Every structure is written in structure tokens, then in C-alpha cells.
Amino acid sequence: MFNLSRMNRFNYWPKTIGKSPVKEVEDSIPLRVLVLGLVVLGVVATDIAAETQFSLWTIPLTMVGTAWSYYRRRSSNIPIQFCIAIGMLLGLGAFFGRFIGNWHDTRLSLAELLIQLQVLHSFDTPRRKDLGYSIVIGLILVGVAATLSQTMAFAPVLLLFLAIALPTLVLDYRSRLGFKQSIAEKSRKKNNSNFNFKVLILNFLLIVALGLGIFAILPRFPGYQLRSFPVSAPIKIPDNFTGRNIINPGYVREGRGNGEGNGSGSGGNAGEPGTLDNNFYYGFNSEMNQNLRGEMKPKVVMRVRSQAEGFWRVLAFDRYTGKGWKISRDDQVTTLRQSSWTYRISIDLPPFMTRTKEVVQTYNLVSELPNLIPAMSYPKALYFPTPMIAVDQEDGLRAPVQLSEGLTYTVVSEVPYRDRSLLGKASTKYPASITKYYLQIPPEIADKVRKRTEEILAIYDQQRVSRSPETKTLDSTYEKALYLAQYIKQNYSVPTNPLDLPFFDEKDDLVESFLFKNKGGYPDHFSTVLTVMLRSIGIPARLVAGFAPGEFNPFTGMYVVRNTDAYAMTEVYFPRYGWFTFDPIPGHPLIPPSIEEDQTFTVLRQFWNWVAGWLPSPITAILNTVFGAIFSWLFRGLAWFLALFTKGWLGVLTGLIIGTIAAFLAWLGWGQWRKWLNLRWLKKLPPMERLYQQMLQWTANKGLRKHPSQTPLEYAQISHQYHSPEIAEIIDEICHAYVSWRYGSNSPNWQQLQQRWQRIQKTTNTTSQNSK
């Protein structure tokens with residue numbers, strides 16, 4: 001039998017296609033505008049951090065989509081949704097294409113996919129829930145930008161995002177509660193507190209202050225717990241790569257187009273006089289000519305994120321030429337290849353007889369550099385975008401191509417601890433492979449330099465005997481190297497004007513001129529002199545060149561390294577322990593930054609150093625003295641208190657008593673602080689508001705606390721059940737007067753009410769004391 005009800009449903013069905021109602025339509029224009037602002041800021045933050053140009057097409061399309069979705073917010077938009085689905089599938093396909101091309105660092109690819117999805121999503125956002133998705137996307141984009149950011153340019157965008165996010169959350173919350181009236185209409189009403197811009201500004205400042213405070217004092221534990229390191233996209237390399245050539249942009253031979261360095265510098269090779277290149281460090285080459293004069297123009301060359309501060313080593317030299325250095329075994333290099341399934345290139349390490357620490361560093365180049373790969377000492381793994389690299393005999397890493405702007409790679413180093421006691425006991429029996437290359441000195445100066453070195457060491461022995469015979473003797477290689485570096489640093493100087501140092505003649509020797517003629521030289525000359533002096537007394541040493549750690553930015557967590565941070569210092573060999581550096585340059589620390597320093601709380605110190613750099617020197621000195629004394633007392637007091645618990649039962653009992661007294665005083669002080677804040681807050685209120693709040697605080701202490709959902713009149717009515725008729729009556733009058741003042745614009749006689757309330761309080765307090 002034919003079912004009539006089914007026929008009716010069948011006839012009704014075509015009429016309802018495409019006309020299904022949309023639930024929870026969001027009509028608030030301010031909310032939509034603020035959500036659009038969050039999305040735009042997320043895209044702009046990504047562009048700034050990753051140096052992309054997504055904003056050029058995404059922001060206009062998102063604005064058009066936002067306007068369209070508002071206009072069509074009450075329609076089902078089936079055709080639009082179908083097109084959006086197709087666009088999302090295309091975007092997903094494009095993402096997988098980018099993923100295959102650079103699967104080792106997918107942050108930017110994921111951000112691009114998210115931006116594409118948001119543009120498509122903006123064309124269909126009828127509900128508050130859909131706007132919530134856009135808010136989350138904006139937040140994720142800002143988070144991705146934070147991981148990509150390397151400069152302070154990201155900070156203003158982050159602050160602006162927070163400033164817009166606060167009112168957006170307020171409007172979103174009001175929408176959840178079902179308030180349909182717009183904020184613009186609400187703000188026209190008198191005494192409205194639903195959208196208080198003053199409160200928003202205070203909250204913004206409070207959040208920023210708390211965030212910066214927590215950021216500064218929060219411990220920084222080593223990162224990179226996940227072994228997915230940032231690396232640039234793969235780079236094609238020449239088929240004939242051998243690793244024997246160093247490609248330094250500052251040493252390109254005129255007329256050659258292949259970019260290979262000739263090792264000459266601006267003034268020729270073999271120690272001929274010349275001028276320094278303005279942009280590139282002269283020491284990053286197979287030969288270092290220290291007969292050049294001039295200075296570089298500062299510019300940022302790379303940014304480094306590292307688990308520990310260190311010297312970014314580039315290369316080392318083994319042969320002294322009289323006016324500089326050269327790599328004697330430049331043709332004896334070893335090529336290493338990547339694994340077939342990863343960017344990792346494994347590097348063999350020498351056996352160590354001391355503790356080591358793994359340090360991960362990620363290098364982000366912002367200017368071109370030679371094909372020499374900076375890394376902390378003893379790298380064991382290199383994540384690099386070329387399929388192979390070369391390692392020379394001086395432990396330097398060489399890439400098949402010049403390091404270009406925008407290149408990113410990661411190094412994992414196994415850095416040995418610098419244990420002075422162990423190194424002081426190191427053997428002086430060196431293997432032949434070490435003595436053959438690292439004791440070389442030109443015979444013309446060997447005796448003269450050795451005598452001068454022995455004289456300096458004898459000066460220490462004479463001073464030791466005259467002052468205190470028990471002082472440590474210089475009977476170890478480590479102590480001799482340390483003392484010689486300190487002596488050179490203190491007794492020789494750098495010319496005030498770098499151009500005042502004369503060029504070396506053909507017969508001049510750098511070390512001889514430094515020690516006996518000029519009494520000083522360029523900063524790198526100090527390291528050359530120390531290296532040769534150590535060799536003259538039988539201690540193997542070599543010259544190593546690289547970059548100082550640079551300026552640490554506590555906000556980005558990166559070391560900003562400039563070309564002027566490049567310099568050379570001395571590496572000394574200790575059997576079974578490896579090579580360790582000494583820095584004799586005036587103004588530099590004698591021992592370069594190393595892993596021995598605890599990095600957990602150093603961000604607070606580095607943050608203060610950054611702030612102090614903006615203050616005048618006298619103010620900085622005063623603040624350093626004050627804060628130094630405060631922290632010194634605090635740490636001494638804490639150390640003394642903890643030491644009590646190691647002195648037996650009496651010490652434990654004393655510590656508990658002191659801890660209890662301190663806790664009681666802290667609790668008492670906190671209570672007084674809260675009372676003072678409350679009084680200060682009450683004084684700022686209008687008289688009627690102040691009286692009403694004082695009444696609520698008094699009744700709350702008596703056990704009747706006002707619930708937030710209660711109106712003042714409801715609270716006055718309930719007070720009759722808990723208080724005497726006299727108290728309940730004055731509470732009722734205060735509540736009615738407050739409501740008439742707050743919402744009726746009346747002016748009650750608050751002075752009379754205050755006098756009556758004070759009399760009631762005194763009477764109640766007197767009665768309570770008499771009853772006790």
C-alpha cells in the first residue's frame with residue numbers, strides 16, 4: 001500500500017535542499033574584525049621570521065573572504081564549501097611536494113599549508129566556532145614564526161598580537177554568553193564596565209611584565225631533545241669535488257669567474273704587504289698573510305643557536321712562514337658522505353681520556369662565507385645540505401660550495417671538559433705525527449725566541465721564590481702555556497691606530513719584530529707569538545682561526561656573530577686529551593668560553609648585560625654594586641641555612657626553628673602587605689563605592705560573604721537572616737543607596753550612612769569584647 005506520509009516527505013525534500021538553516025550565526029562585526037587582525041598578524045609574523053612574502057596575496061584574499069563570509073553568514077554556501085574542499089586537497093598535494101623536497105625541516109612548509117587553509121576557510125565562517133578556528137590558526141602561525149625568528153623584529157608583532165588577542169577573547173566570551181548587543185552600543189551607555197579599555201591596557205602591561213620576568217629567571221635547560229635538526233634544502237655539488245680548495249669571496253683572483261681563492265689576499269701572498277678586505281676575514285684561507293693592514297667594516301654574518309657558548313672554530317694552520325701561516329698538508333683531505341636516508345654526516349673522533357659533553361649548534365648564515373664550515377671543536381655529526389664534505393688534517397670542515405646567505409646547518413660536537421688538574425699531569429711524550437708538524441720554527445729565530453721564552457719563565461720562578469716558595473711551579477705544559485699567554489697579554493700592546501704598525505720588510509720576521517722591536521702588534525699577532533714561543537720550548541702548538549661567540553640575544557636565544565668577531569688564537573696539544581685553546585689577546589678572556597660554565601641560569605645574567613648596555617656607565621656601576629651585594633647576601637644566607645642541616649641534630653633543630661620563624665614573619669608581612677594594598681584600593685574608589693565595599697568586607701569577615709551572582713538587593717535581603725535587626729537595617733540602607741547611585745545616578749547622603757555604619761561597628765566590637 002502506498003504510504004502517504006512517505007509521499008509527503010518526498011515532496012518536501014526538494015524544497016529544503018540548500019535551505020538548511022545555519023545554527024549559531026555570529027553577527028558581531030567587531031569580533032570578526034579582531035579575528036581578521038589576529039590572522040593577518042600571524043601571516044605577517046611568518047613573513048618577518050622566515051623572510052617570505054605570503055602577505056602579498058594572503059592578506060587581501062583573507063579580507064575578501066572575511067567580508068564574503070559575513071555577507072553570506074546565514075546561507076548554507078554549498079558551492080563555496082565544495083570549492084573550499086577542492087582547494088584544500090590541492091593545498092595538501094602541494095605540501096607533500098614541498099615535504100619531499102625538504103623533509104628535514106618542515107616548519108615553513110607546514111606554515112604555508114596552514115596559511116593556505118586559512119585563506120580558504122575565511123570564505124565560510126558563519127559561526128562563532130568557525131571564528132574560533134581562525135583564532136587558533138593565527139596563534140599557531142605566531143608560534144611557528146617564533147621558532148623561525150632570529151631577530152628582534154618578531155617582538156613588536158608578538159606584542160601587537162597580544163594587544164589584539166585580549167579584546168578578541170572578551171568579545172568571544174560575551175558571544176558564548178549570548179550577548180547580542182554590540183560593544184559600540186554598550187560603550188555609549190553611562191557607567192558601563194563590560195568592556196573597560198583601561199582594564200585591558202592594565203592587563204596587557206601586567207602580562208608583558210610577568211612574561212618578561214618569567215622569561216628572564218626561568219632556567220634554560222639544554223634543548224634539541226628531538227633529533228630533527230634544522231637543515232637547508234639540498235644543494236647540488238660539482239662532480240669533481242676533492243676538498244683541496246678553499247673558496248673565500250674576499251680572495252677571488254681578479255678575472256676568474258669560478259670563485260676559487262688564490263690565497264693571495266689584497267696584497268699578494270708569501271707575506272707581501274697589502275690591505276685587508278673590508279668584509280671578509282683574511283685568515284680563512286689556505287695561507288694567512290699577517291703582513292696586511294687595515295680593518296673590516298662590521299656586519300652580521302651568522303646567527304647561532306647553541307646549547308653552550310663557545311668558539312666557532314673554522315680552520316687551523318700548522319706551518320709558520322715568518323710573516324703568517326699556511327696549511328702544509330692542504331692536499332691531504334678526507335671526503336665524507338651522507339647516509340642514504342638522512343642529512344647526517346658522521347665524523348670520526350679521536351679517543352679521549354677525559355669527560356666530554358655533547359653540544360648541539362645550529363648555524364643560520366645571513367651573509368656569504370668561505371666554504372669552511374664553522375663548528376665547535378670535535379664535531380661528531382654534521383647535518384649539512386650537501387651529500388659530501390671534506391675534513392683536512394687540522395680538523396677543519398670544508399664544504400663543496402661556498403656558504404651562501406640563508407644557509408642553515410646543524411653540528412653535534414663532543415667537547416672535552418677542560419680539567420686543569422688532569423691537563424697539568426699530561427705526558428710530554430708526543431707522538432711522531434705531532435712533533436713532525438707542530439714544533440716547526442724558522443731556524444733564523446729559533447734560538448732567540450727560545451731564550452726569550454726561558455727568560456719569561458725564569459721571571460716567574462724568581463717572583464715565586466721571593467714571594468712564597470709554596471706557590472705552584474711551572475713544571476707542566478699547561479701551566480707554562482697559561483703563564484706565557486698571560487705574560488704576553490699584560491706586557492705587550494695593540495697599537496691605538498692600527499695603521500701605525502709598519503709593514504714587515506722582506507727580511508723581517510713577525511715574531512722577532514713583535515718581541516724585540518715593536519713590543520706589540522695586531523691582535524692575531526699575539527696568538528702567533530704565543531704559538532711560536534711554545535714551539536721553541538718543545539710544546540706542540542698550532543694557530544686556530546674562528547669566530548668568538550658573538551653577542552647573545554636573550555629574546556631570540558641566538559648568538560649574533562659579526563665578521564669582526566673573527567680572530568686567531570693558540571691551540572696546544574696534550575697527549576690523550578687532545579687540543580685546548582689559549583687566548584693571549586689583550587681584552588679577551590685567557591680561557592675562551594667553554595662548557596664548564598653552567599648555562600642553566602645564565603639568561604638572567606645575559607639579560608641584565610643587554611639592559612646594562614643601554615644605561616649610562618655610572619648608573620650601571622651603581623646597579624651592579626647594589627644588586628651584587630643583595631644577591632651575595634642572599635646566596636650566603638641560603639648557603640648558611642642549608643649548611644645547618646649537615647651539622648647533626650642540633651643543626652637540624654636550629655634550621656627548623658629558623659625556618660619556622662622566617663615562615664611566620666613572611667606570613668605576617670604578606671598579611672600586612674595585602675591590608676596596605678586593600679586600603680590603597682579603597683582610597684581610589686568613589687565615596688559610595690568605598691562604603692559599600694567596606695561593608696562587604698566586614699560582613700565577609702563575620703561569615704556572610706556575598707556571592708558574585710547575587711545582586712546588592714538580594715544580598716541585603718539575606719542579611720536579615722544572619723545579623724541583628726540594627727545591622728541588617730544599615731546593610732539594607734547601604735545596598736539601596738549603592739544601587740541608586742550606581743544605576744540611578746542619584747546622590748545619597750553617604751556621610752550619614754558612613755557615620756551610622758561606624759557606630760554599628762564600634763558597638764558590635766565592644767559587645768564582642770565584653771562577651772569574651
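How many nonpolar, polar and charged residues does the lining of the second largest cavity have?

Analyst: The lining of the second largest cavity has seven nonpolar, four polar and two charged residues. Here Ala, Val, Leu, Ile, Met, Phe, Trp, Tyr, Cys and Pro count as nonpolar, Asp, Glu, Lys and Arg as charged, and the others, Gly among them, as polar. The structure is a predicted model, in which local features need pLDDT of at least 70 and side-chain atom pairs pLDDT 80 or more, while totals for chains, interfaces and linings use all residues. Residues are numbered from 1 along each chain as its sequence is written, and side-chain values use heavy atoms, without hydrogens or water.

The lining of this cavity comprises 13 residues, and those nearest its centre are Asn279, Phe280, Tyr281, Leu369 and Asn563. A cavity is a set of points on a 1 Å grid over the protein atoms alone where a 1.4 Å probe fits but cannot get out, and lining residues have an atom within 4 Å of a point. The volume is about 70 Å³, taken as the space filled by probe spheres set on the points, which are joined across faces, edges and corners. The whole structure holds four cavities of 30 Å³ or more.

The largest cavity has a volume of about 90 Å³. Its lining divides into four nonpolar, seven polar and one charged residue; among them are Arg32, Val35, Thr62, Gln118 and Ser134. Helices α2 (29–50), α3 (55–71) and α6 (128–148) each give two or more residues to this lining, and α2 gives the most, with four. Helices (H or I, at least four residues) and strands (E, at least two) are DSSP runs numbered from the N terminus.

Helix α2 also contains Thr46. Thr46 counts as buried because its relative accessibility is 0%, the limit being under 20% relative accessible area with a 1.4 Å probe and protein chains only. Leaving aside residues up to four places away in sequence, Thr46 touches Glu51, Thr52, Phe54, Leu108, Ala111, Ile115, Leu141 and Ala145, contact meaning heavy atoms within 4.5 Å.

Elsewhere, an open sheet consists of four strands in the order β5-β16-β19-β20, with antiparallel pairing. Its edge strands, β5 (312–317) and β20 (578–582), each pair on one side only. Two strands pair if DSSP finds at least two bridges between them; β5 and β16 (residues 541–547) share five bridges. Across this pairing, Trp312 stands opposite Phe547 in β16.

Technical notes. 1 Å grid on protein atoms, 1.4 Å probe; cavity = no way out; pocket = protein on both sides within 12 Å on 5 of 7 lines; lining within 4 Å. Buried < 20%, exposed > 50% of the residue type's maximum accessible area, 1.4 Å probe, protein only.
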